[in-house]
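Welcome to this short tour! Please open the structure in your viewer and keep the selection tool at hand.

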Amino acid sequence: MNRRKFIDIFLGFSLTGTVVSFLYPVIRYVLPSKRLEASVKKVTAARVGELAPNSYKIFKFGTTPGILINTTDGELRAFSAVCTHLTCNVLYESDTETILCPCHNGRFDLSGKVISGPPPSPLEAFKVEIAGEEIMVSRE
Amino acid sequence: MKNFIKTAFTYLDARFLLSDIAQFAKKKKVPEHKHSFWYYFGGICLFLFIIQVITGILLLLYYSPSIDSAYESIHTIMGKVKFGWLIRSVHSWTANILVGAIFIHMFSSFFMKAYRPPRELTWISGFFLLLIFLAFGFSGYLLPWNELAFFATRVGTDIAGTLPVIGKSIEAFILGGPEISGATLPRFFWFHVAILPLFTVIIMGAHIILVQTLGMSKPISLPEKEIKEVPFFPNFILKDSLGWMIILALIGVLCVFFPWEIGQKADPFAATPLGIKPEWYFTFMFTTLKIMPSHVLFAEGEILAILGFMVGGLLWMLIPFLDRNAAKEKKSPVISLIGFIILLYIIIMTALTYLHPRL
């Protein structure tokens, strides 16, 4: 290797190193930092008696919404309120007694299974239990 | 006064070579024929973009890109700032009309086969400008932080998230985290007022330089004798400005009679409101996603539809290289028919969104 080639390679590496050292902090700055959040296992969704039969409530389950439904028979059921299709929040339709995603008309029954529309999988079901005056919801 | 202007012109001419530019404008000719009406949409797009830059700069004065104050700042602009309602309505209406004008410009260029050599890069740069302006619309839609925008954004970003392998990383990059949060709004604002304008200036600059150097394409379908040439200045530019004035009047009428609404403040923990839909130019994709079955053979319907749109978009961008006949200055009815079917599909799906919202 002659002197000219050595200098070319040396300067090439220096230039690459300089570009990388400028770009790396910019890229790291632009990419979002990972948030360290403890995943929520159990929350209070409502108070006993708060929900009339054939009605629903959206509650916070960590950083995502959940849906608590009091059926016409007075049975409490809870699911993730995030539609499995394209993540819109679902709602409970009291006249059809089904869960509806208004974005693309995906419909689920009261066990979370898909009845119609584009959702590819059922809603995640949560466990419901009553502790004193509170309705507690947890991941099964 | 005359002497002063003359001296000033001579001074500037020596430094900026203004005479050469004036000479170029004088010599420049534009083809005129029975389809030349469609040429004016390029200039209309540029004019609408200038309106967006001016009104966007004005909105920056009062808008606040944080989830605690964005919605309230829009309320202030619409209700308390003098002519705030006008500036915001012009910005929102123009955004919608601009995307429509880009679609018209693109399809008219397509049917006149304006993409054939040597104008392939003009077509590709135009295609990227369409993507940029769709991104402008998408990022700007969330900025008022209302519930319609919130859920439309959630659906839109989730579409990016369904892409194989890199989808989740792209989604996290766009949102500033795994879901829409306080970090999302400043990020969308950053895209809307810094990143996208930067790319627009570069690509639009290239697009305009290409149009100026190569001139306007003449349709294959017309024989040479049916095509006249008119000077760009003043003939073409005067007709162009007439189009701009008509569009400006239309925007004025729309803003006065239909000021842009504010909607309800976004609540990430509320049920999605019924009848939700994105801006009109995304509705053909939105309705396609609605009518797709959950599974097609072994694939999920939504992923199939999204991949279909991506492959379709890629082929559309590469049309100058796929249309072999047009490249040889021959008619290509099959390609025109495909374009016509795509256009019909977009129109039918868009109409269905509004005529059958509960499809």
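## Where two chains meet

Begin by colouring chain A and chain B separately, and look across their interface: by the rule used here, zero salt bridges are found between chain B and chain A. Keep in mind that this is a predicted model.

What does the side of chain B that touches chain A draw on? Select helix H7 (147–161), helix H8 (167–175), helix H9 (184–214) and helix H11 (283–291) of chain B: each supplies at least two residues of that side. Now highlight H7(B), which gives the largest share, five residues. If you colour the side of chain B that touches chain A by residue type, you will find 19 nonpolar, seven polar and eight charged residues.

Next, show the contacts from both sides: 34 residues of chain B are in contact with 32 residues of chain A. Seven residue pairs between the chains are in polar contact, counting pairs with both residues at pLDDT 80 or more.

How much area is buried between chain B and chain A? The value is about 2,500 Å², and carbon and sulfur atoms give 58% of that. The size of an interface is often given in this way, as the accessible area lost when the parts come together.

## A hairpin in chain A

Now move to chain A and select strand S2 (residues 55–61) and strand S3 (residues 64–70), which pair in the antiparallel sense over seven bridges. Pick A:Lys57, and opposite this residue you will see A:Leu68 in S3(A).

Finally, zoom in on the turn. S2(A) and S3(A) form a hairpin with two residues between them, and A:Gly62 in the turn has a positive phi of about 70°.

Definitions and conventions:
Residues are numbered from 1 along each chain as its sequence is written. Chains are lettered from A and ligands numbered from 1 in the order in which they are written. This is a predicted model: local features need pLDDT of at least 70, side-chain atom pairs count only at pLDDT 80 or more; totals for chains, interfaces and linings use all residues. Side-chain values use heavy atoms; hydrogens and water are left out. Contact means heavy atoms within 4.5 Å. Buried area is the accessible area (1.4 Å probe) that two parts lose on being put together, summed over both. A salt bridge is a side-chain nitrogen of Lys or Arg within 4 Å of a carboxyl oxygen of Asp or Glu. A polar contact is a pair of N or O atoms within 3.5 Å; within protein, one must be able to donate a hydrogen and the other to accept it, and residues adjacent in sequence count only if both atoms are side-chain atoms. Helices (H or I, at least four residues) and strands (E, at least two) are DSSP runs, numbered from the N terminus. Ala, Val, Leu, Ile, Met, Phe, Trp, Tyr, Cys and Pro count as nonpolar, Asp, Glu, Lys and Arg as charged, and the others, Gly among them, as polar. Two strands pair if DSSP finds at least two bridges between them.
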